[in-house]
Amino acid sequence: GRTPQDAKALWGKIRALDCCGVGHYGGKNIHLDAGRPRFWQQATAKVHTEEPAHNRFIYYSTEYDRYKAGDAFRSFFTSISDFGFGIKNTLEIVTDDEKSKKVAKVKINASVNNSCLPVVQRKTARFIQATLPETLKPGRYRVKVSFCDRPFDDMPEEKLSNPIEIVAK
């Protein structure tokens, strides 16, 4: 099996390649990013290793913040600490206020027809695509995604996106 020493050695080798982002928090795993070369470790990452993140800080956002009714849009997750969860195949469009009142539902465009779509890798988490309803009136909204197959009890059950504005055609 892997040991923390194996992970730290791999972290050092990848860091020396100066190819990408690589992190090590002191455990058996490393975190690899396909971004600009950079590195981090437990001492510099400001994480608390005694308490696992369990996707508690997962963030959900849309590619843009302004759309027209009927537009296709892409949404995605960032700040994922653990893969192997699912999202319901329907997103809700809700009002951008304290009530978050549901105004529409949209089905995610996916190659599988499951009610719970697996998110097991970064690419899946980056390309959640759907189409806004043609009947959506101009105004401010948010997109709500609901999780299924949550691997941790302390992972949120749902997340709201950044505010989006629907503008007149």
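User: Is phenylalanine 147 buried or exposed?
Analyst: This is a predicted model, where local features need pLDDT of at least 70, side-chain atom pairs count only at pLDDT 80 or more, and totals for chains, interfaces and linings use all residues. Residues are numbered from 1 along each chain as its sequence is written, and side-chain values use heavy atoms, leaving out hydrogens and water. Buried means under 20% relative accessible area, exposed over 50%, partly exposed in between (1.4 Å probe, protein chains only). Phenylalanine 147 has 5% relative accessibility, so the residue counts as buried.

User: How many aromatic pairs are there?
Analyst: Rings of Phe, Tyr and Trp (its six-membered ring) pair if their centres lie within 6.5 Å. Planes under 30 degrees apart count as stacked, over 60 as edge-to-face and the rest as tilted. By this rule the count is six.

User: What is the angle between the planes of tyrosine 60 and phenylalanine 77?
Analyst: These two rings form a tilted pair. Their centres are 5.2 Å apart, and the angle is 40°.

User: How many residues apart are tyrosine 60 and phenylalanine 77?
Analyst: Strands are DSSP runs (E, at least two residues), numbered from the N terminus. Tyrosine 60 is in strand 4 (residues 59–62) and phenylalanine 77 in strand 6 (residues 72–78). The pair links distant parts of the chain, with a separation of 17 residues.

User: Why is the pair of phenylalanine 77 and phenylalanine 147 called tilted?
Analyst: The ring centres are 5.5 Å apart. The planes meet at 35°, so the pair is tilted.

User: Which residues do ring pairs link into a cluster?
Analyst: Phenylalanine 77 is buried, at 1% relative accessible area. Ring pairs join this residue into a cluster of Tyr60, Phe77, Phe85 and Phe147.

Conventions. Helix = DSSP H or I, 4+ residues; strand = E, 2+ residues; numbered from the N terminus.
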